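Please consult the sequence and the structure shown here while reading.

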Amino acid sequence: MKKALTYPTAVLVVAFIVTGILLYFVIPQFAELFKGFGADLPAFTKMVVALSNFVQANGIYIVVVIVAAVFAFREAHIRSAVFRKFLDRVMLKIPVIGDILYKSAVARFARTLSTMFAAGVPLVEAMESVAKAAGNIIFTEAILTMRDQVATGTQLQLTMQQTGLFPNMAVQMVAIGEESGSLDHMCAKVAEFYEEEVDVMVDNLTALLEPMIMVVLGVLVGGLVVAMYLPIFKLGQAF
């Protein structure tokens with residue numbers, strides 16, 4: 001996920017920075033030029049000029065707010081378990097990205113459990129490491145609850161069903177593993193399946209983001225360029 005989103009995020013950040021520079025430095029130059037035309041400007045150009053004036057008047061405050069928001073978000077994510085839980089729950093509900101995060105959490109659960117169990121670690125102790133490796137606080141809390149239930153003698157597949165988090169296929173594979181005494185092998189199969197699913201979805205997400213990035217760049221940068229040239233085209237048509 002991080003690898004797939006790094007390039008789009010970098011491009012969008014650069015696009016917003018370039019847009020800010022255009023609004024703060026370039027658009028005012030065009031606005032001064034348009035004042036000498038003595039003609040009414042197109043509505044789109046007026047809107048862009050007004051936005052440029054707002055950025056010029058409040059640029060420092062905008063930067064301060066953005067920096068403060070990023071810092072506050074980072075601190076809240078580090079210090080507040082409630083905020084992390086809320087954020088992880090929201091992330092799981094985001095289309096496409098939520099599915100990737102969900103399946104990757106299931107894959108990490110199965111892979112870590114398979115590795116720990118194959119190494120001879122008792123199931124209850126293994127669940128502690130599995131919870132830490134889940135990567136999502138919703139799964140972490142559910143796995144810790146499962147650990148407590150397993151410690152009282154409840155079957156693992158029953159605890160997985162009770163959480164309502166795990167897909168039926170994963171639950172059934174774990175049930176087969178418990179009954180046949182090959183839990184580590186079945187968990188490895190579950191991990192392989194969902195890891196492959198995650199790889200395919202990430203590749204599809206990357207392919208989907210590329211045209212979306214072009215659209216965003218066209219709207220941001222291209223829109224500003226068009227807004228500045230509309231009065232020139234209008235003036236040329238007048239002659």
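Ile 176 is partly exposed, its relative accessible area being 44%; the classes are buried (under 20% relative accessible area), exposed (over 50%) and partly exposed (in between), with a 1.4 Å probe and protein chains only. The model is predicted: local features need pLDDT of at least 70 and side-chain atom pairs count only at pLDDT 80 or more, while totals for chains, interfaces and linings use all residues. Residues are numbered from 1 along each chain as its sequence is written, and side-chain values use heavy atoms, with hydrogens and water left out.

**Helix α8**

- Ile 176 belongs to helix α8, residues 168-180; helices (H or I, at least four residues) are DSSP runs numbered from the N terminus.
- Between Ile 176 and Gln 157 there are 9.1 Å in space, C-alpha to C-alpha, although the two are 19 residues apart in sequence.
- The 13 residues of α8 should span 18 Å at 1.5 Å a residue, and this agrees with its end C-alpha atoms, which are 18 Å apart; the expected span is 1.5 Å times one less than the number of residues.
- Buried positions in α8 are Ala 170, Val 171, Val 174, Ala 175 and Gly 177.
- Gly 181 follows α8 and has a positive phi, near 75°.

- The whole structure contains 7 salt bridges, each defined as a side-chain nitrogen of Lys or Arg within 4 Å of a carboxyl oxygen of Asp or Glu.
- Lys 103 and Glu 197 form one of them, at 2.8 Å from N to O.
- Lys 103 is in helix α4 (residues 97-118) and Glu 197 in helix α9 (residues 183-238), so this pair ties together parts that are 94 residues apart in sequence.
- Glu 197 is partly exposed at 28% relative accessibility.
- Glu 195 and Arg 111 also meet in a salt bridge, at 2.9 Å from N to O.
- Because Glu 195 lies in α9 and Arg 111 in α4, the pair ties together parts that are 84 residues apart in sequence.
- Glu 195 is partly exposed at 28% relative accessibility, and Arg 111 is partly exposed with a relative accessible area of 28%.

**Other salt bridges**

- The side chains of Arg 147 and Asp 148 are paired in a salt bridge at 3.2 Å, N to O.
- Asp 148 is partly exposed, with 42% relative accessible area.

Terms used:
Helix = DSSP H or I, 4+ residues; strand = E, 2+ residues; numbered from the N terminus.
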